[in-house]
Amino acid sequence: MNAVARLSNVSRIYPPRAGHAAVHALGPLSFELKAGEFFGVVGPSGCGKSTLLDVLAGLSAPSEGTVEFEGKPVAGTVPDGVGVVFQEDASFPWLTVEDNVAFGLRRLGTDPAEIRRRVDFAVGFMGLNDFRRAYPSQLSGGMRQRVCIARTLVLQPRLILLDEPFGALDQQTRLLMGDELLRLWRETSATVVLITHALDEANLLSDRIGVMSARPGRFIDVVETGWPRDRDSRLAERPDFGAVTSRLWSLLRTESMLALGQGAQAAE
Amino acid sequence: MSKAGWIRLVVLAAFFGAVEALCRTGVISPKLVIAPTAMVEAMVKLLGSGELNPDIRQTLSSVGIAMGLSVTGGFALGCVLYWLPPLRRTVDPFLAAYYSLPHFAFYPLLIVIFGLGALPLIVLATLFAMVAMIMATLSGLDRIPRVLIKTARMQRLSLPAEIWHIRLPAAAPHLFSGLKLAVTYSFIGVIAGEFILSTSGLGHQIAYAYDNFDNRTMYGLILLVLCIATAFNLLVFAYERRLARQRGQ
């Protein structure tokens, strides 16, 4: 399979600020993202997962190394074809669900009939049909996150980056959202990168899982799950499901303890 | 109407009823306060005679100009300070201490500079109101969630589009608080200024009636000023409610 995105020797170092030393947050790290795969990223807290996503999305430039998307270098701007969904609620409180979803297409000056068609699809796909004219303040956290996913979806990204999008949701909602995400991935044939701290979630959703070390974050291993493309949350009932989660945890255990130590040091 | 609303109405009605009764029975001397109904009567008569029309026009136009200047100027200056952090750090203490100054003490100075007439009043009211708008603009821009700015970059918006479609609507509730303060402060600035030293305007007419023991005119005018200020506030309040409803709140 072709590589959609390629990171070569990427590092991210935050320069020193008043009272703080420079922080080496990420890398050096190299990897290729295969076209159409679902790639999970897990790692101890503070290991640079979000920094990795920012660099991959072009939201921040790497201090060293290069990032490519579809063969072209990414340099501090988000390339066309990349969509990002953040952990925080990023819905626009001043727009209805419908207008939130149509936002990007309107800015691009897309033909109104086409906007209508794509918004109808995305709103229906995310199960928001009954809330088209509602404002985000009238929706639950899970619904708002769906609005954000729909808003990214209408732009038909070929690479979707998700930064712990379900982090603020309860367990049941997370499982259902995971199923929807798998459906979205199958039906759009986009490449998906999901950052999460939940090992089960990474296991269930991903084809491959990058396991990151404590800061500065590097991949200590990339685990292939080998799950069929057509899967949902019932996968967790399989007897071999637990083995993958255990493998992830055994890789992460020492790193997580290391990260805890770093946290304690930083707090001193 | 809500229960609290009814209670409020009853308390107000009882208060004015009591004042009315005390005035009409002579317990409160008419040299001190005239009966509320007499105030209304005086106000209607003043409005009907048309003799105060030039003063009303002058005061309202001064207030209007001060509002316009303080809202647009305060917003513009707020944006400049937001985008120039070193400048902001320099002036921050002045902004914080600004409302502890007795602005009206400077009014004679303004008259020396700008002469008698509407101009020093407009300047005084604008100076008084603008800083509230500057501070509201700054706090509005400061509180835009970072994730919305990231979303703007993800949507690949140009800077003008980001400002117009994301930053301004996200800051709107704070900008609106600034607008409300600027409206109120403009009123206070102009009318209080007219009180101190002016040859026309509603504030001057109130002071003039006071100096001449003309209680009817004085209370009629006070009521008129109250009505105008309340009407303005209701207008702003209604608009704010509409905005909040638009956000589904």
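How many helices and how many strands are there in chain B? In this predicted model, chain B holds ten helices and zero strands. Read along the sequence, the elements of chain B accordingly follow the pattern α-α-α-α-α-α-α-α-α-α. Chain A presents another composition, with seven helices and ten strands.

The overall dimensions of the two chains were computed from their C-alpha traces. Along its principal axes, the trace of chain A spans about 50 × 50 × 40 Å. The radius of gyration of chain A is 19 Å, close to the 18 Å that the globule rule gives for 268 residues, and chain A is therefore as compact as a globular protein of that length. For chain B, the corresponding spans are about 75 × 55 × 30 Å.

In chain A, 44% of the 268 residues are buried, and in chain B buried residues make up 33% of the 249 residues. Among the contacts in chain A with a separation of 6 or more, 71% are accounted for by residues 24 or more positions apart. In chain B, residues 24 or more positions apart account for 74% of the contacts with a separation of 6 or more.

In chain A, domain 1 is made up of residues 3-81 and 158-267, whereas domain 2 covers residues 91-156. The centres of these two domains of chain A, taken over C-alpha atoms, are separated by 26 Å. Seven residues from domain 1 of chain A and six residues from domain 2 of chain A take part in the contact. On the domain 1 side, helix α5 (residues 171-188) of chain A gives the most, with three residues. By class, the side of domain 1 of chain A that touches domain 2 of chain A has six nonpolar residues, one polar residue and no charged residues.

The division of chain B places residues 1-33 in domain 1 and residues 41-246 in domain 2. Between the centres of these domains of chain B, taken over C-alpha atoms, the separation is 31 Å.

Within chain B, helix α4 was examined individually. Helix α4 of chain B covers residues 85-97 and has 13 residues. From its first C-alpha to its last, this helix reaches 19 Å, close to the 18 Å expected at 1.5 Å a residue.

In the contact, 16 residues of chain A meet 18 residues of chain B. On the chain A side, the elements that give two or more residues are β6 (82-85) and α2 (97-108) of chain A. Helix α2(A) gives the most to this side, with three residues. By class, the residues on the side of chain A that touches chain B divide into ten nonpolar, four polar and two charged.

Definitions and conventions. Residues numbered from 1 in each chain as written. Chains lettered and ligands numbered in written order. Predicted model: local features only at pLDDT ≥ 70, side-chain atom pairs only at ≥ 80, totals over all residues. Domains from an automatic or database assignment. Contact = placed C-beta atoms within 7 Å. Helix = DSSP H or I, 4+ residues; strand = E, 2+ residues; numbered from the N terminus. Nonpolar A, V, L, I, M, F, W, Y, C, P; charged D, E, K, R; others polar. Rg over C-alpha atoms; globule rule 2.2 N^0.38 Å. Buried ≥ 20, exposed ≤ 12 C-beta atoms within 10 Å, placed from the backbone. Expected span 1.5 Å × (residues − 1).
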